[in-house]
Amino acid sequence: MRLNRLFAAAVGVFLTAIAADASATPLNIGAGNNPLGPEYIITYNADGTFSTAVNPVYASNPGAFDGGDDTYFGVVNNNANVLLSIFLSSTLDIFGFDGDGLTAFGLAGNANDVSGYGGPVTYFQPIDVFHGTVIFGASGIAPGGTEIFSLEEAVALNTFVIQPGVPEMSTWAMMLFGFAGLAFLMRRYHNQSFAPATA
């Protein structure tokens with residue numbers, strides 16, 4: 001009986017993993033001058049670090065998908081956690097979008113991405129043209145999953161820095177309201193518990 005439960009649990013985990021991965025965007029979707037997929041691959045490693053590499057299909061000879069100044073990225077999540085977003089900073093104006101992103105080359109876009117650079121799922125929250133957050137849809141990239149996006153400028157691997165994404169302002173606001181509510185309830189409970197008895 002116990003073996004059956006373990007087997008059912010294992011099958012459930014396997015099917016959940018398949019379902020999570022089914023929403024991922026494959027890395028072999030071509031765009032413009034990158035017909036085999038993204039120019040660069042960003043990997044979220046098991047230890048929580050990020051690494052970047054030229055996509056092997058381009059044999060160390062990548063090129064901008066628009067034939068000039070834009071860069072096509074793929075992201076691979078090799079971590080056990082869902083990757084919701086990454087924060088990028090660069091010496092180049094990578095968030096200075098000028099309208100020739102992935103959707104201009106026939107890739108499907110999404111309603112959250114007004115730039116046309118995010119592809120089917122990804123969208124952006126720029127701070128300025130040099131810094132911003134890349135958000136991987138509402139549910140992020142599941143472990144083992146992949147996503148794509150593009151940035152402005154012909155980015156080299158040494159011209160940008162990747163950090164884990166920071167919570168959105170709305171998330172911070174909800175957290176602060178939650179803590180304020182807890183503080184109010186604790187104070188109210190404390191006042192009721194130690195109120196002097198009246199005759």
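## Aromatic rings

Rings of Phe, Tyr and Trp (for Trp, its six-membered ring) are said to pair if their centres lie within 6.5 Å, and a pair counts as stacked when the planes are under 30 degrees apart, as edge-to-face when they are over 60 degrees apart, and as tilted for the rest. In this predicted model, where residues are numbered from 1 along each chain as its sequence is written, ring pairs link Y40, F73, F95, F97, Y117, F124, F136, F149 and F160 into a cluster. Local features need pLDDT of at least 70 and side-chain atom pairs count only at pLDDT 80 or more, while totals for chains, interfaces and linings use all residues, and side-chain values use heavy atoms, with hydrogens and water left out.

The structure holds 12 aromatic pairs. One of them is formed by F136 and F149, a tilted pair with 6.3 Å from centre to centre and 55° between the planes. This pair links distant parts of the chain, since F136 lies in the loop between β6 (131-135) and β7 (146-152) whereas F149 lies in strand β7, 13 residues apart. F136 is buried, with a relative accessible area of 1%, and F149 is likewise counted as buried, at 0% relative accessibility; here buried stands for under 20% relative accessible area, exposed for over 50%, and partly exposed for values in between, with a 1.4 Å probe and protein chains only.

## Overall make-up of the chain

The secondary structure of the chain comes to 2 helices and 8 strands, where helices (H or I, at least four residues) and strands (E, at least two residues) are DSSP runs numbered from the N terminus. Read along the sequence, these elements follow the pattern α-β-β-β-β-β-β-β-β-α.

Of the 199 residues in the chain, 35% are buried. The chain exposes about 11,400 Å², of which carbon and sulfur atoms supply 64%; the accessible areas come from the Shrake-Rupley method with a 1.4 Å probe, and for residues only the protein chains shown count as cover. Among contacts (heavy atoms within 4.5 Å) between residues at least 6 apart in sequence, 73% join residues at least 24 apart.

By contrast, β3 and β7 run antiparallel and are joined by 7 bridges; T71 stands opposite L151 in β7, and F73 stands opposite F149 in β7.

Another open sheet of 4 strands has the order β5-β6-β4-β8, with antiparallel pairing. In this sheet β5 (123-126) and β8 stand at the edges, each with a single partner strand, so one side of each is left without a neighbour in the sheet. Strands β4 and β8 pair in the antiparallel sense over 5 bridges, and L88 stands opposite I162 in β8.

## The buried interior

The largest nonpolar core has 21 residues, and those with the most contacts inside it are I42, I86, L88 and F149; such a core is a set of buried Ala, Val, Leu, Ile, Met, Phe, Trp, Tyr and Cys residues joined through side-chain atoms within 4.5 Å. At least two residues of this core come from each of β1 (40-44), β3 (70-77), β4 (85-90), β7 and β8 (160-164), and β1 gives the most, with 3 residues. A second, separate core of 6 residues includes A31, Y72, L107 and I148. In soluble globular proteins, nonpolar side chains tend to be buried together.

I42, which lies in strand β1, is buried with a relative accessible area of 0%. Not counting residues up to four places away in sequence, I42 touches several residues, among them F73, I86, F149, F160 and I162. Strand β3 is mostly covered, with 8 of its 8 residues buried: D70, Y72, G74 and V76 point one way from β3, while T71, F73, V75 and N77 point the other way.

Notes
Pairing = 2+ DSSP bridges.
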